[in-house]
Amino acid sequence: MFLQTVFFILSAISLGVRAVPVPQADPTVYTVTRVYHTTTDVPPYLIDATTTEVWTVTPTPTPTS
């Protein structure tokens, strides 16, 4: 009876260890194109300009540079 109890407890522990989620290896990268209105000194004087912003999302905070 003792060996069956020990086997049951060790099996439950090993299943619990396997159920722990593995952290994602690759962080998520977002790329956004931002469109904004601006003026210029040549016709048509009002134009739309764009900039591209890229950032990475990580599960833990990282210091900024």
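Helices (H or I, at least four residues) and strands (E, at least two) are DSSP runs, numbered from the N terminus. The model is predicted: local features need pLDDT of at least 70 and side-chain atom pairs count only at pLDDT 80 or more, while totals for chains, interfaces and linings use all residues. Residues are numbered from 1 along each chain as its sequence is written, and side-chain values use heavy atoms, with hydrogens and water left out.

**Strands**
- Strands β1 (residues 28-39) and β2 (residues 46-57) run antiparallel and are joined by 12 bridges; two strands pair if DSSP finds at least two bridges between them.
- V35 stands opposite T50 in β2.
- Among the 12 residues of β1, the count of buried residues is zero; buried means under 20% relative accessible area, exposed over 50%, and partly exposed in between (1.4 Å probe, protein chains only).

**Loop between β1 and β2**
- The hairpin has six residues between the strands.
- P44 lies in this loop, and a cis peptide bond with omega of about 10° joins P43 and P44.
- Y45, also placed in the loop, has a positive phi near 70° and is partly exposed at 46% relative accessible area.
- Most residues other than glycine have a negative phi, and most peptide bonds are trans.

**Aromatic pair**
- Rings of Phe, Tyr and Trp (its six-membered ring) pair if their centres lie within 6.5 Å; planes under 30 degrees apart count as stacked, over 60 as edge-to-face and the rest as tilted.
- The count is one aromatic pair: the ring centres of Y30 and W55 are 6.0 Å apart and the planes are at 35°, so the pair is tilted.
- Y30 in β1 and W55 in β2 are 25 residues apart.
- Y30 is partly exposed at 42%, and W55 is partly exposed at 41%.
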